[in-house]
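Student: I would like to go through the labels used for this model and see what each one rests on. Can we take them one at a time?

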Amino acid sequence: MLLIPCPWCGARDESEFTCGGEAHIRRPADPDALDDAHWADYLFMRANPKGSHRERWCHSHGCGRWFNVERDTVTHGIVSVYRMGEPPPGGDGS
Amino acid sequence: MAEPAPGVELRICPPRGRIDLRGDPADPAFPTAVAGVLGFELPSTPNTSRSAGAATVLWLGPDAWLIETERAMEAAVAERLAQALPDLHCSVAAVGDGSVAFSVSGPRAADVLAKGMTLDLDPARFRAGHCARSLLARIPVLLHRPGDDFIYEVTAARSYSEYALDWLHDAALEYGDAAGSS
């Protein structure tokens, strides 16, 4: 079980949260200009790193807020937590 | 020989009015208009409540609050709020009938809740005036500790209330459950 520090409520148990997958995925500015392969890449293809991973989580059974979590996929250690719209502490959120 | 004092008392709270309020606290007109109706400021510290007169306001999220009133006052307070917030991007909804509150009190009250909750219920951490939405025995609840006493209020959706009460009775059994559950 993870103990996730919600930016509003503080440390809460993982069971209160919903994981929304990889963070910082940008919708293409002009979808009509993409071919099927690039559109599929945007829709379906996700990073699956061994190590640091930026994810969206929602405190669905708490304050109901979405936020970002940087988590190590090997150790489950949570490196940082930041609100939507805030830059990732390590930089390069694109 | 006298019966030992029960460690836990369970009680179904009388029906109360509840108003779900959402709005942008960064828009100065919103908190000002709400304070004009309630007579006090909305709590802005996460997981805290504020109470004055006949109303208690619980923080639910950065832009969400629950206003608890007497049952008979619910419609009037909701109407006054709606009138005070005409052109603002916000929502006022009377939701009192949707949930049921239980009072879990006594020296072992936190022990009963801790069997089904992951919240830190250490009395020094979950202090008077603290509230939190969380899970109790896998159902979503709103927990509130109105005062310094060991009295906790558990608010659950009406459709889960029978399950919640059964679960609480079972959890309280070993501490001597003095149930006034009528």
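Tutor: Start with B:Asn47, in the loop between helix 1 and strand 3 of chain B. The model is a predicted one.

Student: What makes B:Asn47 count as buried?

Tutor: Its relative accessible area is 11%. Buried means under 20%, so B:Asn47 is called buried.

Student: What is the phi of B:Asn47?

Tutor: Phi is near 60°, a positive value in a residue other than glycine. Most residues other than glycine have a negative phi.

Student: Which residue of chain A has a positive phi, near 65°?

Tutor: That is A:His76. A:His76 sits in the loop between strand 5 (66-72) and strand 6 (78-83) of chain A.

Student: Why is A:His76 called partly exposed?

Tutor: The relative accessibility of A:His76 is 45%. Buried needs under 20% and exposed needs over 50%, so a value of 45% falls in between and A:His76 is partly exposed.

Student: Why are strand 3 (18-22) and strand 6 of chain A said to stand at the edges?

Tutor: The open sheet of chain A has four strands in the order 3-4-5-6, paired antiparallel. Strand 3 and strand 6 each have a single partner strand, so one side of each is left without a neighbour in the sheet. Neighbouring strands of this sheet are turned by 30° against each other on average, direction ignored.

Student: How do you know that strand 3 and strand 4 (residues 52-58) of chain A pair?

Tutor: Three bridges join strand 3 of chain A to strand 4 of chain A in the antiparallel sense. Pairing requires at least two bridges, so three bridges meet the requirement. As for individual residues, A:Thr18 has A:Cys58 in strand 4 of chain A as its bridge partner.

Student: What is the strand order in the open sheet of chain B?

Tutor: Five strands follow the order 3-4-5-2-6, with antiparallel pairing. Strand 3 (49-52) and strand 6 (90-94) of chain B are the edge strands, since each pairs on one side only. From one strand to the next the twist averages 20°.

Student: What makes strand 4 (residues 55-61) and strand 5 (residues 64-70) of chain B a pair?

Tutor: Five bridges join these antiparallel strands. The requirement is at least two, so strand 4 and strand 5 of chain B count as paired. B:Thr56 stands opposite B:Glu68 in strand 5 of chain B.

Student: Which strands of chain B does helix 1 (residues 29-38) lie across?

Tutor: Helix 1 of chain B lies across strand 2 (16-23), strand 4, strand 5 and strand 6 of chain B, at about 160° to strand 2. Helix 2 (residues 74-84) of chain B lies across strand 2, strand 5 and strand 6 of chain B, at about 20° to strand 2.

Student: Why is the meeting of A:Arg65 and B:Asp63 called a salt bridge?

Tutor: The N to O distance between their side chains is 2.9 Å. The cut-off is 4 Å, so the pair of A:Arg65 and B:Asp63 qualifies. The count between chain A and chain B is one salt bridge and six residue pairs in polar contact.

Student: How many residues are in contact between chain A and chain B?

Tutor: 11 residues of chain A contact 15 residues of chain B. The two chains bury about 990 Å² between them, 52% of it on carbon and sulfur atoms. A:Trp8, A:His61 and A:Arg65 supply 45% of the area that chain A buries against chain B, more than any other three residues.

Methods. Residues are numbered from 1 along each chain as its sequence is written. Chains are lettered from A and ligands numbered from 1 in the order in which they are written. This is a predicted model: local features need pLDDT of at least 70, side-chain atom pairs count only at pLDDT 80 or more; totals for chains, interfaces and linings use all residues. Side-chain values use heavy atoms; hydrogens and water are left out. Helices (H or I, at least four residues) and strands (E, at least two) are DSSP runs, numbered from the N terminus. Axes are lines fitted to C-alpha atoms, for helices over the stretch in contact, and angles run from 0 to 180 degrees between N-to-C directions. Contact means heavy atoms within 4.5 Å. Buried means under 20% relative accessible area, exposed over 50%, partly exposed in between (1.4 Å probe, protein chains only). Buried area is the accessible area (1.4 Å probe) that two parts lose on being put together, summed over both. A polar contact is a pair of N or O atoms within 3.5 Å; within protein, one must be able to donate a hydrogen and the other to accept it, and residues adjacent in sequence count only if both atoms are side-chain atoms.
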